[in-house]
Amino acid sequence: MHARADSADTVPNWPDDIFATLQRFDVRQVPYVPDAGHSKLIQRVLDSSTMRGIALTTEEEGVALLAGAWAGGQRGVLLMQSSGVGNCINMLSLIPILRFPFLTLVTMRGEWGEFNPWQVPMGSTTQGVFELSGVQVLRASQAAEVPAVLEAAAAQAYNALTPTAVLLSQRLIGAKVFTK
């Protein structure tokens, strides 16, 4: 069996839009947990001479890494999948205490066309978990929305120090299906 993603967008250019926005906002550190939905963006980061991609073993490490990046004078963005948001709940309490810019880009599972029932509980509560933790949530469901959503999210995270999560919907990234 193998996985493939079905998406309304046949050529996903939105990861390039995200990368360009992160460059404009001088993002230097990009911690991530490997994820198919972020794979093109992760590769762009790894190929970049101005950004440092940092593979994590678990998502909550990324919250602490962003705090350290800020203390060292750099901006960062955390890339993760919705199933990892639950791992971050305790670490999200650092954000209001330390007042560092927090931006995370979350590829969603457990919604549009999901085949895996294990992804549904966290996918359906991701936004609420962030909001209860004091993180504002923006969402992109269509490729055309991505540039404006990312621009707004980065501005409020880095300029206004408003913790912000961008949910990249499963409709945007493509629902995974398994075939023989």
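Let us start with helix 1 of this predicted model, where Trp14, Pro15, Ile18, Phe19, Thr21 and Leu22 are buried. Looking down the axis of helix 1, the buried residues fall within an arc of 165°, so they line one face of the helix. The general rule behind such a pattern is that an α-helix has 3.6 residues a turn, so residues three or four places apart point the same way. In helix 1, the buried residues pack against strand 2, helix 2, strand 6, helix 6, strand 8 and helix 7.

Stepping back for a moment, the chain has 7 helices and 9 strands. Of its 180 residues, 47% count as buried. Take the contacts between residues at least 6 apart in sequence: 78% of them join residues at least 24 apart.

Now to the interior. In soluble globular proteins, nonpolar side chains tend to be buried together. Here the largest nonpolar core has 28 residues, and those touching the most other members are Ile18, Val77, Leu79, Leu103, Leu105, Val166 and Leu168. Two or more residues of this core come from each of helix 1, strand 2, helix 2 (39-47), strand 6 (103-107), helix 6, strand 8 and helix 7 (170-173). Helix 6 gives the largest share, with 7 residues. Apart from this core lies another, of 23 residues, with Leu78, Val85, Cys88 and Val129 among them.

Setting aside neighbours within four places in sequence, Val77 is in contact with Leu22, Val27, Gln29, Val30, Pro31, Leu66, Leu103, Thr104, Leu105 and Tyr158.

Tyr158 leads us to the aromatic rings. How many aromatic pairs does a search of the whole structure find? There is 1. The partners are Phe25 and Tyr158, in a tilted arrangement with 6.0 Å centre to centre and 35° between the planes. Phe25 sits in the loop between helix 1 (14-24) and strand 2 (27-32), while Tyr158 belongs to helix 6, so the pair ties together parts that are 133 residues apart in sequence.

Together with strand 7 and strand 8, helix 6 (residues 146-158) makes a right-handed β-α-β unit. The two strands of that unit, strand 7 (residues 136-140) and strand 8 (residues 164-168), pair in the parallel sense over 5 bridges. Within this pairing, Arg139 stands opposite Leu167 of strand 8.

Beyond residues up to four places away in sequence, Thr126 touches Ser82, Val85, Met108 and Leu167.

Trp112 lies in the loop between strand 6 and helix 5 and counts as partly exposed, at 45% relative accessibility. Leaving out neighbours within four places in sequence, Trp112 is in contact with Gln170, Arg171 and Ala175. Trp112 and Arg171 are 59 residues apart in sequence, yet 5.6 Å apart in space from C-alpha to C-alpha.

Gln74, in turn, is found in the loop between helix 3 (60-71) and strand 4 (75-76). With a relative accessible area of 32%, Gln74 is partly exposed. Arg28, Gln29 and Ala69 are the residues that Gln74 touches, not counting those up to four places away in sequence. The C-alpha atoms of Gln74 and Arg28 are separated by 6.1 Å, with the two residues 46 apart along the chain.

Key
Residues numbered from 1 in each chain as written. Predicted model: local features only at pLDDT ≥ 70, side-chain atom pairs only at ≥ 80, totals over all residues. Heavy atoms only, no water. Pairing = 2+ DSSP bridges. Helix = DSSP H or I, 4+ residues; strand = E, 2+ residues; numbered from the N terminus. Right-handed = clockwise from strand over helix to strand, strands pointing away. Phe/Tyr/Trp six-rings, centres within 6.5 Å; stacked < 30°, edge-to-face > 60°. Core = buried A, V, L, I, M, F, W, Y, C linked by side-chain atoms within 4.5 Å. Buried < 20%, exposed > 50% of the residue type's maximum accessible area, 1.4 Å probe, protein only. Contact = heavy atoms within 4.5 Å. Arc of directions from axis to C-beta.
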